[in-house]
Amino acid sequence: MALSERDRRALVRGGIALGVIAVYFLGIDPLLAWYDALVSRHEANAASVARVITNQRKAGHYRDQVSEMEEEVGGLSTPKPYSEQITAMSEKVITAAQQSGLNLKGATPTAAIAWPEDPSLKQASILIDAEAGWENVFKFIAALYRTEGVLSVEQIELSGEGGKVVKLTISVLVKAPESSDDPWAG
Amino acid sequence: MGEPTVIGLHSCGSALRQARLRRVAGRIEILALETASLPSGAAQADAGGPGSAPEGQGQTSPGPGAKRARGTLTAGSAECVASMPAPDVMTRCWTFPEADDARCRQMVAHRLESDLPVPIDQVVWGYRRAGPASSREFGTWVLAQAARNDRVGRHMSSLSAAGFQIDALTTEAEALAALCRHGLQLGEASGTEALILATDAEWVIAVLIAGVVRSVRRVHVEPDQLERACLQCRQWIDADQPVHSLERVLWCAPEEMADARQVLAETMGIMVKPVEPADDLIEAGGGRISTDRLARFGPAIGLALAGLFERGDMIRLAGQPEEAATPRRQRIERILARPWRWTAVAGAGVILAAVIHVGALAWETRKMDRLLDAQDQARSAMATLGPKIRAMQQLQRYRIDVEGIVADLCSPIPESMVISSIRLSRERGLIIKGTAGDLKTSFALAEALRKNDRFAEVQTGRTEPGKGGGFTITAELVGVEKLSSFSGRGGPWR
């Protein structure tokens with residue numbers, strides 16, 4: 001069967017249109033999708049790398065600060081469980097008192113209470129009663145502040161002429177017990 | 001910018017053959033091919049030399065099928081390139097050493113002066129560098145052509161009388177050379193060859209060496225005396241270059257003249273090869289030009305081709321002074337002459353840029369992947385630093401500088417004052433109790449504490465008024481972070 005010129009032209013045009021559609025769906029569309037994925041991945045990686053670089057700088061800054069602080073306060077460590085921390089602290093308080101010339105009358109730990117910033121931590125206190133001159137009191141406080149685990153002096157009362165009687169409360173952060181360890185937990 | 005259009009005007013006796021060509025998208029389009037007759041006076045004045053064979057048997061009035069030249073192809077801003085009849089032009093070829101244009105022109109003038117039978121000031125002349133000399137010689141091969149002033153003037157007048165303003169008057173040799181270079185499929189031309197444009201009445205014969213036309217001649221042909229015409233053709237070629245040195249004879253003629261080609265081949269003793277028009281030389285309708293029209297209008301087409309492609313190089317004997325195109329303009333014109341090529345280059349550049357862009361993206365992504373993998377290992381090392389940072393921040397935020405506070409407190413205490421107790425607490429601030437002989441000193445101390453940045457809300461009061469100068473000072477501690485949940489010893493500390 002002979003095709004007329006018009007039929008041949010229509011066939012050619014139809015073939016070209018089909019070819020264009022096929023090229024689009026088989027070539028261009030997957031290529032664009034691949035390119036979009038590549039651009040998205042590149043952007044995500046670029047953001048991650050920027051974050052990593054910022055963190056690296058921040059980490060370097062913190063590392064310097066931590067080492068400076070450790071030189072100043074003796075050591076920075078993760079809070080330990082209550083019993084372990086209080087035992088260690090009591091020994092350190094006694095040692096510091098002896099080294100500072102403080103006449104230690106008593107060092108009484110209190111129960112741990114919640115630490116508002118972090119539920120995994122609790123705050124315990126040690127109440128110290130002693131007698132000493134003011135100079136020795138400040139030596140003692142300086143020694144406490146170089147003791148690992150001591151957060152701060154929470155209260156201090158100096159009474160008597162020349163600072164004879166000292167009442168001191170120091171705070172210590174301890175690790176909060178796991179929920180299963182809590183005897184009051186349901 | 002419009003495509004340049006050039007009219008080639010080839011006068012042959014009283015006939016003026018005209019070809020109007022333009023360049024379109026890298027092809028050469030023949031807009032019109034016409035034959036007109038020169039005005040009678042002009043044709044008589046321009047009647048050729050001994051070798052010329054005027055078309056129409058010497059008639060000077062227009063033939064029945066011919067048009068008057070005036071007003072046919074002169075419209076528009078097309079450039080007109082015409083040729084001097086070959087018998088009026090003297091052609092020489094020399095080998096010169098390499099030299100700049102000024103020096104080369106000087107050398108040509110000297111040689112012409114010695115070669116010409118007339119004083120050089122009676123001729124107009126031009127030259128072109130035809131390429132490097134043969135391998136046995138050094139330097140440049142130079143083609144020089146000259147014509148007498150009066151002949152040139154007469155020819156220009158005749159064309160002017162026909163209504164044409166000629167931009168460039170060159171030679172038939174230049175026309176046929178341009179036709180060979182741009183209008184015919186000849187292949188590589190290196191040796192000696194002859195080109196014959198044959199019509200039923202006249203043959204135009206050109207001898208070429210390495211693509212340069214050395215001589216042009218016309219042979220009048222009687223239909224029943226083909227052998228005589230072929231013999232004339234052979235003798236004439238032999239007079240210029242030995243026939244045995246010819247590499248080929250190129251034949252451009254209507255198909256019905258195949259017998260003539262056969263006879264010529266037998267006479268010359270060499271193969272006569274038919275030539276075809278170049279593929280990019282097309283008629284206005286898009287078809288190829290017939291060999292009949294090509295043979296008849298070949299020199300006119302060649303002139304138009306020379307105007308299109310070799311404006312700056314062709315030998316100019318007269319015409320409008322050539323506009324000196326700056327090198328920058330020439331470069332731009334060269335670029336614009338091939339728009340498709342540059343479009344293709346731009347397209348290739350875009351594709352290359354896209355490939356480089358995608359390649360760079362992929363490479364960067366891979367590199368960042370590797371960097372992030374390495375960072376995962378470094379992150380675990382950083383994790384150990386986290387608790388220490390938190391501990392440090394807690395100390396910075398919550399540790400009370402007891403020594404500093406007490407030092408700031410003690411410095412303004414006067415000698416006369418006795419401090420019985422100092423109480424410092426995160427939650428309750430500062431409480432000082434003591435006695436002073438003069439109560440003003442307690443106010444002075446309170447005032448001094450107010451001025452210190454560490455203390456705020458400083459209050460002073462008397463205690464035990466009956467017992468003398470007892471006082472109490474209370475103050476808030478500035479910069480000490482309070483803990484709402486902190487309960488101290490479990491109750492108010494007294």
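A residue is called buried here if 20 or more other C-beta atoms lie within 10 Å of its own, exposed if 12 or fewer, and partly exposed in between, with C-beta atoms placed from the backbone. B:Gly302 counts as buried because it has 32 C-beta neighbours inside 10 Å.

Some housekeeping. This is a predicted model, so local features need pLDDT of at least 70 and side-chain atom pairs count only at pLDDT 80 or more, while totals for chains, interfaces and linings use all residues. Residues are numbered from 1 along each chain as its sequence is written, and chains are lettered from A and ligands numbered from 1 in the order in which they are written.

Back to B:Gly302, which sits in helix α7 of chain B, residues 291–309. Helices (H or I, at least four residues) and strands (E, at least two) are DSSP runs, numbered from the N terminus. The C-alpha of B:Gly302 is 5.5 Å from that of B:Leu176, 126 residues away along the chain. Contact means C-beta atoms, placed from the backbone, within 7 Å. Beyond neighbours within four places in sequence, the contacts of B:Gly302 include B:Gly8, B:Ala175 and B:Gly183.

Next, the sheet in chain B. Five strands form an open sheet with mixed pairing, in the order β12-β11-β10-β13-β14; strands pair if DSSP finds at least two bridges between them. β12 (212–220) and β14 (272–274) of chain B each have a single partner strand, so one side of each lacks a neighbour in the sheet. Strands β10 (residues 192–198) and β13 (residues 246–252) of chain B run parallel, joined by six bridges. B:Leu195 has B:Leu250 as its bridge partner in β13(B).

How values were computed: Two residues are in contact if their C-beta atoms, placed from the backbone, lie within 7 Å.
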